[in-house]
Amino acid sequence: MEKAYRRVTRRFGALLAIASVVALLFVAAPASAATSAEEGYSTSARIEQTVDPGDNQLPFTGLDVLAVVAVGGALLAVGIGVRKLASSNAA
């Protein structure tokens, strides 16, 4: 019994370590590509945005939907993997 418990604990620890590394890679990639916000703007230029009242489109916020979907898929895959791992060892 104790040997099986150690094996499950070891597998869960390895899975948790892999999931942590993947999560850190998702966070580190955009951070390494970031630049200073002041570099993109000139101090002499003034930008004004005009809003058309008839335009019903939302403004672009810069949110990368593909990255959000990828992180959600990764979390879903990890959850399914942990659930399958736990159910196969319980029987």
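Phe26 sits in helix α1.

A word on where this comes from. This is a predicted model, in which local features need pLDDT of at least 70 and side-chain atom pairs count only at pLDDT 80 or more, while totals for chains, interfaces and linings use all residues. Residues are numbered from 1 along each chain as its sequence is written, and side-chain values use heavy atoms, with hydrogens and water left out.

Now the overall picture. The chain has two helices and zero strands; both kinds of element are DSSP runs, numbered from the N terminus, with helices being H or I of at least four residues and strands E of at least two. Of the 91 residues in the chain, 1% are buried. The accessible surface comes to about 8,600 Å², and carbon and sulfur atoms account for 65% of that. Those areas come from the Shrake-Rupley method with a 1.4 Å probe, and for residues only the protein chains shown count as cover.

Which residues form a nonpolar patch on the surface with Phe26? They are Ile18, Val22, Val27, Val71 and Leu75, and with Phe26 the patch has about 530 Å² of accessible area together. The elements giving two or more residues to this patch are α1 (2–33) and α2 (65–90). Helix α1 supplies the largest share, four residues. For the record, patches are made of residues with over 30% relative accessible area and no salt bridge, where like charges are joined within 9 Å and nonpolar side chains (Val, Leu, Ile, Met, Phe, Trp, Tyr) within 5 Å.

Ala19 and Ala74 are separated by 55 residues in sequence, and their C-alpha atoms are 8.6 Å apart. Ala19 belongs to helix α1 and is partly exposed, at 23% relative accessible area. Leu16 counts as partly exposed because its relative accessible area is 48%. Then there is Ala86, in helix α2, whose C-alpha lies 8.9 Å from that of Phe12, 74 residues away along the chain. Ala86 is partly exposed too, at 46%.

Last stop: charges. How many salt bridges does a search of the whole structure find? The answer is one. The term covers a side-chain nitrogen of Lys or Arg within 4 Å of a carboxyl oxygen of Asp or Glu. The partners are Glu2 and Arg6, whose closest N and O atoms are 2.8 Å apart. Both lie in helix α1, four residues apart, which is about one turn of the helix. Glu2 is exposed, since its relative accessibility is 55%, whereas Arg6 is partly exposed at 49%.

Terms used
Buried means under 20% relative accessible area, exposed over 50%, partly exposed in between (1.4 Å probe, protein chains only).
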